[in-house]
Amino acid sequence: MKPIVALRIFFFLLPALQLTNLQAQTERVITLEVNTADIENPNVNDFCHFLGQDPQVSNEDYTIEANIGDVIIWRGVSTSSPDDRVEIRAINHEGNRGGRDIFGSNRLGGQNGEVRGTILNRTEDGTDYKYKIQFRVYVDGRRKSGTFNIDPKIRVVGR
């Protein structure tokens with residue numbers, strides 16, 4: 001193939017390649033940091049926060065913004081000891097909103113201590129939807145009694 005023909009084909013395909021890149025999914029890792037030594041129910045929010053969370057924003061008001069096609073990954077880490085584990089068990093859509101959920105399922109189960117979900121639906125008019133994160137804590141290899149819950153928000157802003 002002549003260099004000029006190859007160059008023309010390249011410049012013809014360049015805009016299509018750029019548009020494809022704009023539609024690519026993004027992987028968003030949400031890290032829950034937990035004081036595993038002291039956490040207790042019902043004061044869960046006093047012992048955990050999200051990585052990068054503004055200290056002035058409560059866990060209930062913490063909001064993740066995402067686009068359709070994005071993959072959200074929830075992980076937990078201990079702020080007390082590298083030997084302690086935080087196991088994210090499930091993500092549950094809360095509320096009615098006509099039964100609409102953004103992941104295609106009202107409950108996402110975890111594997112290997114983390115939960116993954118792909119955004120399939122927009123939230124209505126950019127509305128914040130509540131979801132509950134269920135997690136367990138292991139200190140020195142032993143599970144602390146109970147399952148812990150926090151309920152931040154998610155907003156799907158684009159496609």
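Predicted model: local features only at pLDDT ≥ 70, side-chain atom pairs only at ≥ 80, totals over all residues.
Trainee: How many aromatic pairs does the structure hold?

Mentor: A pair of aromatic rings is described by the distance of the centres and the angle of the planes. The structure holds four such pairs.

Trainee: Why is the pair of F50 and Y62 called stacked?

Mentor: Planes under 30 degrees apart count as stacked. The planes of F50 and Y62 stand at 10 degrees, with the ring centres 4.5 Å apart, so this pair is stacked.

Trainee: Which parts of the chain does that pair tie together?

Mentor: F50 belongs to strand β2 (residues 48-50), while Y62 is in the loop between β2 and β3 (63-67); the pair therefore ties together parts that are 12 residues apart in sequence. Both F50 and Y62 are buried.

Trainee: What is the geometry of the pair formed by W74 and F103?

Mentor: An angle over 60 degrees counts as edge-to-face. W74 and F103 have 70 degrees between their planes and 5.8 Å from centre to centre, and their pair is edge-to-face. This pair links distant parts of the chain, 29 residues apart: W74 is in strand β4 (residues 71-78), and F103 is in the loop between β5 (85-93) and β6 (107-109).

Trainee: Are W74 and F103 buried or exposed?

Mentor: Buried means under 20% relative accessible area. W74 is buried at 1%, and F103 counts as buried at 12%.

Trainee: Which residues form one aromatic cluster?

Mentor: W74, F103 and Y131 form one cluster.

Trainee: Where does the charged end of R85 sit?

Mentor: The charged end of R85 sits over the ring of Y138, at 4.2 Å from the ring centre.

Conventions
Residues numbered from 1 in each chain as written. Heavy atoms only, no water. Phe/Tyr/Trp six-rings, centres within 6.5 Å; stacked < 30°, edge-to-face > 60°. Helix = DSSP H or I, 4+ residues; strand = E, 2+ residues; numbered from the N terminus. Buried < 20%, exposed > 50% of the residue type's maximum accessible area, 1.4 Å probe, protein only. Lys NZ or Arg CZ within 6 Å of the ring centre and 35° of its normal.
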